[in-house]
Structures are given as C-alpha cells and as structure tokens.
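Dear colleague,

Please find below the structure that I am handing over to you.

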Amino acid sequence: MTAITNHLPTEELQRLDAAHHIHPFSANHDLGTEGARVIVRAKGIELTDSDGNQILDAMAGLWCVNIGYGRDELAEVAARQMRELPYYNSFFKTTHVPAIALAQKLAQLAPGDLNHVFFASGGSEANDTNIRMVRTYWAMKGKPEKSIIISRKNAYHGSTVGAASLGGMAGMHAQGGIPIPDIHHINQPNWWAEGGDSDPEEFGLQRARELEEAILSLGENRIAAFIAEPVQGAGGVIVAPDSYWPEIQRICDKYEILLIADEVICGFGRTGNWFGSETMGIRPHIMTIAKGLSSGYAPIGGSIVCDEVANVIGADEFNHGYTYGGHPVAAAVALENLRIMEEEDLVGHVRRTAPYLKDKWLSMTAHPLVGEAKIVGMMGSLALTPDKPSRAGFAGGTGTAGLIARDRCFANGLVMRHVGDRMIIAPPLVITPAEIDTMIARATIALDETYEILKNEGLLRAA
Ligand SMILES: *Cc1c(COP(=O)(O)O)cnc(C)c1O
C-alpha cells in the first residue's frame, strides 16, 4: 500500500478549502484569510501537516482517538467488513453480525442493567434518540406530561437541533431557533468561574440542589429526565466538586426521574474506568456513547439503555432510526477498537499513567498565568487568570489569553484547545510518560510565550 503523500501545495489546498468548504464552529471568512492547517497523516499521538510539521495531538482529534493514530488492525477489519457486507440496516426485522456483536460487547462492558443498545452515527444523533426515548417511555407508562428534560448551562450534548437544545451553550442557542420546547437548564458546578467566595464543596451541593428546585418549581409530574456529562468536556473540562454527584443521584432517585449520562467523552477509559459514571459513582438509566467507541476511526455512536426503559418502549413500535445506525463497517471497527483496548489493558494503562500526568499537570499552577489545574484520568484543564487570588477574567474579555495560548501551542508543536481562558487536554489514552513530558514541556513554553505577549501588549489586567 502506498501512503497518500502527493498533494497540491499547501497554499493551493488552503485556497480550495476556503473557496468550497464550510467549516464547523468557525468564522469561515477569517479562515479564508488565515488558511486552515491541513493535516495529512498521523501516527501514535502525532499529527503531520501538509508542510511536514509534526504536532503532538493533546486533544486526540476531538477527544476521540483513544487508541492513537495509525492502528492497522482497524483498517484491516474495515476492509474485510466492506468486502463481506458493506451495508445493511436493522430496520424492519433484519440485523447483522457486527451490530449484534457490538451490542453484546457494550452490554457486557456497561455497568448495572444497561443491557440494550440503540445505534446512531455519533453523539448528537444518540442524544436526539434519548430525547425521543425518554419522552416515549413516560408516554407509554401513561404519563405523557412527563416531557421536560433538565440539563445544564455550558453543557455540550451535540449539534443537531435536539442535542444542541439539550446543550447549554449560549452561542449555539443564539442561532437557528433552538432550544426546542420542554428543555430546562440549571447552572453548572463550575466553582472557578461561578463559585464566588463560597467553599467549593458547599457550592457543589448548592448547584446539585438546583436540580431539586427545578423539579419542584416545574412540577414533579412534568420531569422526564436529567442529562449531564460526568465531566463537562467542551465546556472546559469542568470537574464538579466531590459533593455534587452524590446529591444529584439522591435527587434523581427521590423523584424517580431518568438519569442520562452523556459518556461521549468520558466513556471508554478517559477517566480511568470504562465509563465516567463509574468514576463519579452514578447509576444512569441511559448512557450516550460515541467518540472513543471507535477511537474516531469510523462514525458510530449510540444509547446504552437499562432493562426497564428498553422493556417499556419495546412494547410498541418506536418510530425512530437512522439509515446508518449500527453501520456494519463502523460496528466492526468499534468492536476491534474495544478488543484492542481490552487486549492492551488501556483502562489499566490510564490508571497507571494518570497519577504521573496529574502530578505534572497540577504543578502547572506554579506558572504565573495558571490559577487552577483540574484533571480526571486523561482529561485536564488549566484556568488562566491575570489575578489568581480573585480568579478574575481578563480585562480584554473572555478568551484574551486562551486564544494566544492556543496559537502558541500550535507554533510549538502542540494541539491544546482553549475554551475561553481555560486550556484543555484529552490526549490519546496510549500516551506514555515520556510523551507526557514532551507535552508538558511544550505547554510550558507556550504559556511562557503567552505571558510575555500579554505583558508586552498590556493585556495582563483583571476585568
Ligand atoms: C462530541 C460530543 C457530543 C456530540 O457527538 P457528535 O459525534 O459530534 O455528534 C455529544 N456529547 C458530548 C459530551 C460530546 O463531547
């Protein structure tokens, strides 16, 4: 096999890209003048761009390439499955072997009685399924008025109309006529940004109790479900105080509402367990999965559903499904990904390596810009601030430092994303201690350079 290395010059690729390709979550006119970075190859945890630069990918693509790039086994399984059965569906009383095998495997890996899988092509579609599934569940139990789903501000649950409605991203809600009706958002457990003078654990309890307050004010008889990410990912790797999740679980139990854990990022080893729900000690009725399920090698997601919900909705036709749900090639790739994860004990690797990463990550708080360092397993964040004691933002507005730091990371051969002024990582789970050292060294240089730029431009001022 020959690698696809011959391509047009970078400038020409960028010109064509700007002329014809609309990018997600981007101001496309700006991209047109700057030119997008063209990634042509990747191996392990390293990307190569069209100019031959090597970049350490501390974001695992979009939080998904958990087993790292360039695993031939997945390519081979995909080719074999394409030759044998490239496509079939599971509508109308048919099925196929990859979907059966993957559903069984997921039922085995998932905790408790999460034994049933409804497939989709990604996390957004799976969350759309969840909206319809929980409302259908309550309707079939004779309680159609239980249709409200409670979510959180600054949550990310995807970008379809339904999933973006569940999400709590203000910028997304400002466009395209969302949220849909009967979605309610409570505040997030983000102590750094919103905790004021309170004690973090007190704050965690208070934010969890907003769920109870919402249930009581909206009416207990109206609530279908609560959805949350075990650790907020796209919102900035926000780790809730320890007091938060036990209280959420207590409230969900007390009012008998369905708990949906969006495991799209936290699932498949990211937090040091197979699922983030295990790390946070919660017992969801439904888990949303995608991303790490196939390590991003093929688009696949789904909902893992408990016995009770599956049994109730199974009594009648559930008028819902996606042409590519459980696609045989994607399912075969996901299955191989999970096989490799088990064979190489990747979850164990995360547990063994995470303490090393944590140690290095927390020591970043010595940097003059870093006010807070948070990390769970292999997802971490740094809050940048011009004034640590007050946890203030920058006078120049949110993202003043984050944007500069993100660009300095790129210039130093590192993909680290920014969410406002939080810098975040979620590297491939296969990362080694030596690679962690490289990542931290590059991040430190990038932060040093960011500090100098902020200082020289007079931007180190508190809002
Ligand atoms: C990425 C993400 C989604 C959306 O998944 P897509 O595959 O992009 O549709 C949903 N929930 C969470 C927590 C995510 O991080």
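Predicted model: local features only at pLDDT ≥ 70, side-chain atom pairs only at ≥ 80, totals over all residues.

Residues are numbered from 1 along each chain as its sequence is written, and side-chain values use heavy atoms, with hydrogens and water left out.

The core. A nonpolar core is a set of buried Ala, Val, Leu, Ile, Met, Phe, Trp, Tyr and Cys residues joined through side-chain atoms within 4.5 Å; buried means under 20% relative accessible area (1.4 Å probe, protein chains only). The largest such core holds 124 residues, and Leu106 and Phe226 have the most contacts inside it. Helix α14 (residues 328-343) supplies the largest share of this core, eight residues. Helices (H or I, at least four residues) and strands (E, at least two) are DSSP runs, numbered from the N terminus. Another core, of five residues, lies apart from the largest one and includes Met172 and Ile178.

The helix pair. Helix α4 (residues 72-84) packs against α14 at an angle of about 150 degrees, and the axes are 9 Å apart. Axes are lines fitted to C-alpha atoms, for helices over the stretch in contact, and angles run from 0 to 180 degrees between N-to-C directions. Contact means heavy atoms within 4.5 Å. Among the residues that make this contact are Leu74 and Val77 of α4, and Val329 and Ala332 of α14.

Helix α5 (residues 97-109) has 13 residues and reaches 18 Å from its first C-alpha to its last, close to the 18 Å expected at 1.5 Å a residue; the expected span is 1.5 Å times one less than the number of residues. The buried residues of α5 include Leu102 and Leu106. Among the elements that cover the buried residues of α5 are α4, β4 (114-120) and α14.

Two residues. Val350 is in helix α15 (residues 346-363) and is buried, with a relative accessible area of 0%. Not counting residues up to four places away in sequence, Val350 touches Gly269 and Leu429, among others. Asp49 is found in strand β2 (residues 46-49) and is buried as well, with a relative accessible area of 4%. Leaving aside neighbours within four places in sequence, Asp49 is in contact with residues including Arg37 and Ile55.

Yours sincerely

How values were computed. Buried < 20%, exposed > 50% of the residue type's maximum accessible area, 1.4 Å probe, protein only.
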